[in-house]
Amino acid sequence: MFSTLAPHLVNGLALGLLFALLALGFMLIIGLMETINLAHGSFFALGAYVALTMAAPPLAPEALGGYAGWPIAVRYALALIVAPVVVGVSGMVLELALRRTYGKDPLYGLLLTFGAALVIEEAIRLTWGSQERVLPLPPMLQGPVPFGDVFFAKYRFYAAGAAALAIVLLWLLIERTSIGARIKAGAYDSELVRALGINLPRLRLLVFALGIALAAFAGIVMAPIWGIRPQVGVDAVVPAFLIIVLGGVGSFWGAVLAGLLVGIVVGLTGAFAGDWAIVSMYILFIAVVTFRARGLFGRKSVLDV
Amino acid sequence: MSEETRSNPGRRRLLKLTALSAATTGLYGVAPFFGPWQHHHAWAQTAQNKPIVIGLTMDASGQYAASGQMERLGAMMAIREFNEKGGVLGRPIEAIHIDTETTPATGSRVAERMVTRNEAAFLVGAVHSGVANAISQVAQKRGVIFLNTNSSSPTEAGANCHRTKFVWDGNGANFSAAIIKNAIRVSGKNWVLLTNDYVWGHDTSKATRALVEANGGRIIGEVLVPQNTRDFTSYLLRVQQMKPDVVAAAIGGDDQKAMRQQVIQAKLHQNIAWINNQQDWPDVYGLGAEEIFGVFGTTWYWRLDLPGVKEFVAKYQKVYPGVAIRVPGNVYYNGYMATRELLNAVEKAGTTNNIAVIKVLENLKVSAKDRMQNYDAYMNPTTHQMQQTIYMASFNDKPAEKDDIYKILSAVPPAEVEDKAALTACKLESYADTPVYEP
C-alpha cells in the first residue's frame, strides 16, 4: 500500500512547492500593499515568454556575438535570472499607475489590474502569436529519475528545488535584512515609517517589482510543465488566489503550507480519482473557509511571518 | 467577415472570485433575448441578392482554440472560392464568427444568436464534442443545417445524431477500428485507457475497450483526466503502476501537447507503446521530433501523393501567408471540405430550403480525387457521418522537407472502419419533425 502511495505523496509535495511558488509574489503584494493584483497571472505568462525569447532567440547565428549559438544551458541560466528582472521592471509601470488608487475603494485597484491583465495578454498574443510554445531545457534537466517501480521526470525535482529556494530566499529577505525590516514596518504603520524618513513610495515600488519578478520566475519554472501560451496566466492566477485565501491573506507560511496542502490533495486525487483532480482544490478551499473564514493562518500582513 | 468576441470563461471565474461578476456581466456578457418562438418556419423569402450568411461556430479560446482557428481558415477558403465564382444561386456568401470558447453552454448561446439575430442560413464548425452536441440541439430545434466539422465523438453520429447535423470527421470508433488489431499483435494485450473526461474521451474509450476485448486484449485500467489539465504527472505515475503494454490515449487539444511533453520528460514512450486515437494537426505542429511518439490516426496529410494535394497546399500558403502553421492539416481540410460540399449541395438543390439541401447531402458521394484521399467517400444517410479513408501514421524520421513530420503507415478504406454501433444508436428525426427553414 505504502509503495503505491509513496510516489504520489512525493509528487504532491513537489506540486505543493510549485503551487506555493505560484502564490509567493501574489502574497507579497497583497501582504504589504493590500492590493489584489489580478495581473499576476499575466506577468507569470510574460516571464515565460521573455525567457523563451532568451533561451530560443529568433536571431541569425552571427547576431549579437553569436548568442543564438551559445550552449542552451547558458542561455537558459541567463533567462532564469534576467527574465524576472526585465518583467519585474515592467511591473513597476503598473505600480506607478496603481498609485492613484491607493487609499480609495479597493475596486479601483482591482479593475486597474484586471485591465492590465487583458492588455498584457493581448500584447503577448500580438508579439509572440497564439500558438503553444515550448521552452527548451538544458539536457541536464531532462530525462527520467527512477523512484521504486516508476519514473519521474527529472525536471519535476529541479522545479520543486527552485521553488523551495525561492521560498527560503524570500523569507531570508524579509526576516534577515534591513530592507525586509523596512518592508514589514511599512506594512505595519506606513505613516510612522514615512515620518522616519523612509521613502515609502520607493519601497512600495520595490516590493511590487519583487512580487512581479517572482511571478515571472514562477512562469519560467512552470513553463515546461504547463506549456507556454498567452492565456496560461489565467491558469496561474486562480490557484494563486485560492492558496492565498486558504493560507490566510498576508501570511507567508500560510501561503506555503496551503500550497503544500493543495499540492498533496491534487496529487492524490489525480492518481486515484483523476476526474476530481482539478475540482479537489476547490472542495478543499470550501471545506476550510466554511469553518475558518480567514484561512489557515489568516492575519493581516507580512508582519505575521 | 464580421467578427464578435466574448470574454473567456477563465476571466469570468476570476471575476466571480473577486465578487465583481455582477458588474462584469454588464460589461461583457449581456444575454440576448431570444424567442419565444414555438415554430421556426421559413423566414421571409429572401431577395435575390441577399447574402447567404454562414455562422462559423468555432473556438477561438479554450482547449481547442488552435484547432478552431484552423478549421475557420478552411471554411473561409471554401467561401472565398465560391464568392470568386459569383456566390451560390446568385447570392454572395457572408461569414460571421463568434468564439464558442470550447464550452458547450457558449456553443448553444452562439448558435441561438447566429440564427435569431444574424439570420445565419447554416452553422459550420466544432471541435469539442460537447460543444458540437449543444449547437446541434439548437440547430435541430430551428431546422438549421449544422456541419460538425472536426469533433469526433462516436455519439455525434450515434445517439446524438440529428436530421440537420452532418459529421465530417472520422470518429473514435473509426480510428480505433483501424489500429487496434495490429497494435495488440505487435505491442501486447494489456491496455490502459488514458481518457479526457468529457463526451469525446468517454465515447472513444468505450469504442476502444470494445474493440480491444473483441480482439483478445485486456483493459487493465482506465485513468480519467479532466479537461484543461496541464500537469500530467499524477496520471502518468498511476499509468506506470498499472504496468501496461499499451496506453490508448484519448486526450485532445492543448492537453495533449502537455501530455506529450511530459511523457517525453520521463521517457515513458520508450518502454510503453502509445496510441493516440486521433492526432489533430494543430496539436502536433511545432513539437520536437521525440514528442511525436506512438501511432495515431488522421484523415488527411499535406504530403499525400495524390492529385490536387500540392495545389491545395500552395493555395493555403498563398492566401494565408502569415499563419504560424505553414502547411494545412486535417482540421483545416475538414473545415474546407465540409463547407465546400455544403455550398455544392445548395447549388445542386437550387434552393437554401433546409429539407432540400439535407436530401442532397444525404446522397452525397465524393470521388477519391475530389476528396484528395485514397478511397471514394460517401455520406451515410442513416448516421449523417462522412465515410472516408482513415490513415494510420507515426513520426517521420526521414522527412523529405520541413514540416514532413508524419510517416503514413496505411490507408484504410471506409468500409473496414465503419462505426457499426452508430447505425443502431442513431435515430434521426423525421423530415416532418424537422422545422422548415429557408433563409
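## A guided look at chains A and B

In chain A of this predicted model, the crossing of helices H2(A) and H4(A) is right-handed.

**Two crossing helices in chain A**

- Two packed helices are described by the angle between their axes and the distance between the axes.
- Here the partners are helix H2 (residues 40–55) and helix H4 (residues 72–98) of chain A, whose axes come within 8 Å and cross at roughly 140°.
- Because of that angle, H2(A) counts as oblique to H4(A).
- On the H2(A) side, the residues making the contact include A:Phe43, A:Leu46, A:Val50 and A:Met54.
- On the H4(A) side, A:Ile72, A:Tyr76, A:Leu80 and A:Val87 are among them.
- Sorted by class, the contact of H2(A) with H4(A) has 16 nonpolar, two polar and one charged residues.

**A hairpin in chain A**

- Strand S1 (residues 144–147) of chain A runs antiparallel to S2(A), and four bridges join the two.
- You can find A:Phe147 standing opposite A:Val150 in S2(A).
- Two residues sit between the strands of this hairpin, and A:Gly148 takes a positive phi near 60° there.

**Where chain A meets chain B**

- In all, 40 residues of chain A are in contact with 36 residues of chain B.
- Several elements of chain A each supply at least two residues of the side that touches chain B, including helix H1 (2–33), strand S2 (150–153) and helix H9 (200–226).
- Helix H6 (154–176), helix H10 (232–247), helix H11 (252–272) and helix H12 (277–291) of chain A also each supply at least two.
- By class, the residues on this side of chain A are 22 nonpolar, 13 polar and five charged.

**Chain B as a whole**

- Chain B has 15 helices and 16 strands.
- Of its 439 residues, 56% count as buried.
- Among the contacts in chain B with a separation of 6 or more, 73% come from residues 24 or more positions apart.

- Strand S15 (residues 390–395) of chain B and S16(B) run antiparallel, joined by six bridges, and B:Met392 stands opposite B:Ser410 in S16(B).

- Look for B:Lys359 in helix H13 (residues 354–362) of chain B.
- B:Lys359 counts as partly exposed because it has 15 C-beta neighbours inside 10 Å, which falls between the 12 or fewer of an exposed residue and the 20 or more of a buried one.
- B:Ala345 is 14 residues away from B:Lys359 along the chain, and their C-alpha atoms are separated by 9.0 Å.

Key. Residues numbered from 1 in each chain as written. Chains lettered and ligands numbered in written order. Predicted model: local features only at pLDDT ≥ 70, side-chain atom pairs only at ≥ 80, totals over all residues. Contact = placed C-beta atoms within 7 Å. Nonpolar A, V, L, I, M, F, W, Y, C, P; charged D, E, K, R; others polar. Axes fitted to C-alpha atoms, helices over the stretch in contact; angles between N-to-C directions. Parallel < 35°, antiparallel > 145°, perpendicular 65-115°, else oblique. Left-handed = near helix turned anticlockwise from the far one by under 90°. Pairing = 2+ DSSP bridges.
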